[in-house]
Amino acid sequence: MIEIDRLCKRFGPIVAVDDVSFSVARGEVLGFLGPNGAGKSTAMKIVAGFLAPDSGRALVCGLDVTEHGIEVKRRLGYMPEGAPSYNEMTPVTFLGFIASVRGFSGIEKHRAVDRAADMTRLGEVLNQPIETLSRGYKRRVGLAQALLHDPEVLILDEPTDGLDPNQKHEMRTLIRDMAPDKAILISTHLLEEVGAVCSRAVIIARGRVVADGTPAELEARSPNHNAVFVYAPPQTLRTLAPILRELDGVGEVEVGDDSLCARPREGCEVYDKIQVLVRQRNMLVSEVRLERGQLDDVFRAVTTGEALTGNAGAKAAED
Amino acid sequence: MGVMLAVFRREFVTYFVTPLAYVFIVIFLALAGTLTFFLGAFFDRGQADLQPFFSFHPWLYLLLVPAIAMRLWSEERKIGTIELLLTLPVSTTQAVLAKFLAAWAFTAIALALTFPLWLTVNYLGTPDNGVILASYIGSLIMAGAYLAVGACFSALTSNQVIAFVLAALVCLIFAVGGTPIVLEFFTGWAPAGVIDTIASLSFMSNFRAIARGVIDVSALVYFASVIAFFLFANVILVDLYKAR
């Protein structure tokens with residue numbers, strides 16, 4: 001539904017988007033990740049038809065956004081960063097305006113406004129000026145505006161930024177509920193969001209795509225992916241460490257004050273072996289835990305170019 | 001068409017949602033009245049016409065019309081709604097036209113509210129109402145030219161004050177082009193053709209041509225061209241500067 005092919009955009013000497021390609025299919029929620037200023041918003045503005053790319057192209061529903069701008073804008077719901085809206089209007093007049101621009105009139109218009117207001121639960125504040133609303137409600141007004149015409153393609157720039165945990169949860173539930181019959185592109189710099197709503201994530205840094213995969217695939221690129229943490233008293237750890245180093249499949253063992261971390265060699269699983277070993281030797285340990293890998297680590301590694309340690313690191317460095 | 005109507009309506013209603021409309025109308029009427037009766041010596045002239053009223057319009061608009069126009073695009077840029085507006089199925093040209101027309105309709109209302117003056121002259125004597133109607137039409141068209149300049153400069157910056165000052169400055173140049181102050185500066189050394197061109201490019205002289213009571217085609221064409229030129233520039237500036 002969204003296809004981006006070798007997109008480039010520069011602002012003077014700054015390259016905001018550099019050769020970015022990816023696609024989003026129906027039913028997918030693509031998380032567009034990256035540090036602030038990485039070029040996420042610029043790329044989204046190009047897809048939404050607000051900015052023209054310098055080179056490359058963006059297709060929405062098979063239509064080129066620069067050639068068929070108006071047609072694309074009809075099929076697309078877009079919430080710009082910060083969900084700007086006309087502050088002096090009330091949600092109901094604002095949504096009415098959006099509905100008129102989108103070609104709704106009469107009963108249809110009322111229906112569209114009611115539907116969008118229901119979905120985003122704007123009920124109580126429909127007749128209050130937008131400038132008096134809390135940030136959470138303003139964000140919902142912005143979302144309602146993007147959803148009003150039930151678009152096939154939805155682009156949301158930082159939909160949960162600045163919301164409290166409850167509001168974030170609501171926003172994510174809403175996005176997940178809409179996901180099956182739409183193609184959704186959301187940007188965020190919150191990694192928890194990816195696991196919570198996205199079926200795929202693209203990480204972008206300094207305008208370039210540095211990683212593209214499902215949340216699980218990205219986690220697998222963490223240096224601590226499948227590492228085993230053993231929590232025990234210091235003397236136990238001291239006896240355990242050399243034994244683990246000899247164990248088949250274990251790469252590197254790091255001993256800390258109250259825990260040790262055993263990272264497996266590439267493609268090896270050592271959790272069960274370590275469990276068995278600890279039980280056989282009757283060692284006094286409080287916990288043996290398998291680490292799936294933190295997206296944070298992957299994010300930091302791929303966006304700052306920091307060298308990863310361990311086997312998984314070598315794999316990420318090859319990519 | 002429906003799209004433009006929606007943008008027009010929103011823009012027009014916005015004037016009345018904020019105090020801007022009421023403040024503007026009150027100031028416009030107060031200034032128009034003051035200038036007509038005191039500086040224009042409406043009663044002392046002893047003539048039943050609105051000439052003193054209309055002769056101040058180029059100066060009145062110089063101050064007030066950029067104030068209406070300054071928010072048209074600056075505000076959208078400042079609060080980021082330009083991104084919302086231009087990602088709706090609206091072309092930049094449609095948005096520029098709809099906003100301009102909304103501001104123009106608003107000035108038309110302010111101008112129409114000066115009708116008590118027209119009632120006054122009709123009560124006091126028997127004026128040539130044809131001339132008055134032509135003057136009103138001319139004044140409205142001239143206001144459109146001022147507005148087009150203002151809208152264009154509003155697209156240039158997200159700062160409304162800068163937009164206002166730039167627009168007022170350019171309007172001033174257009175307004176005084178035909179006055180002796182400017183023309184005398186050129187007489188003596190510039191060829192007569194140049195002086196005539198400068199004079200003919202002024203809002204003032206073209207407005208006077210219409211206000212005489214004959215709808216002067218060349219003056220109409222002149223104002224239409226000014227409006228078209230600045231709206232065209234407006235479209236280009238919006239596209240050029242929308243990304244800040």
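Helices are DSSP runs of H or I with at least four residues, numbered from the N terminus, and the expected span of a helix is 1.5 Å times one less than its number of residues. The structure is a predicted model, in which local features need pLDDT of at least 70 and side-chain atom pairs count only at pLDDT 80 or more. Residues are numbered from 1 along each chain, and side-chain values use heavy atoms, with hydrogens and water left out.

Helix H4 of chain A, formed by residues 106-119, has 14 residues and reaches 20 Å from its first C-alpha to its last, close to the 20 Å expected at 1.5 Å a residue. Its buried residues (under 20% relative accessible area, 1.4 Å probe, protein chains only) are Ala112(A), Val113(A), Ala116(A) and Ala117(A). These residues cover an arc of only 125 degrees around the axis, as given by the directions from the helix axis to the C-beta atoms, and therefore lie on the same side of H4(A). The face turned away from this buried side carries Ile107(A), His110(A), Arg111(A) and Asp118(A), which are exposed (over 50%). H4(A) is followed by Arg121(A), whose phi is positive, near 50 degrees.

The buried residues of H4(A) pack against helix H3 (91-101) and helix H5 (135-147) of chain A. H3(A) and H5(A) themselves pack at an angle of about 25 degrees, with their axes 10 Å apart, and are therefore roughly parallel to each other (angles under 35 degrees). Their contact (heavy atoms within 4.5 Å) is made by Pro91(A), Phe94(A), Leu95(A) and Ile98(A) of H3(A) and by Val141(A), Ala144(A) and Gln145(A) of H5(A).

Conventions:
Chains are lettered from A and ligands numbered from 1 in the order in which they are written. Helices (H or I, at least four residues) and strands (E, at least two) are DSSP runs, numbered from the N terminus. Axes are lines fitted to C-alpha atoms, for helices over the stretch in contact, and angles run from 0 to 180 degrees between N-to-C directions. Angles under 35 degrees count as roughly parallel, over 145 as roughly antiparallel, 65 to 115 as roughly perpendicular and the rest as oblique.
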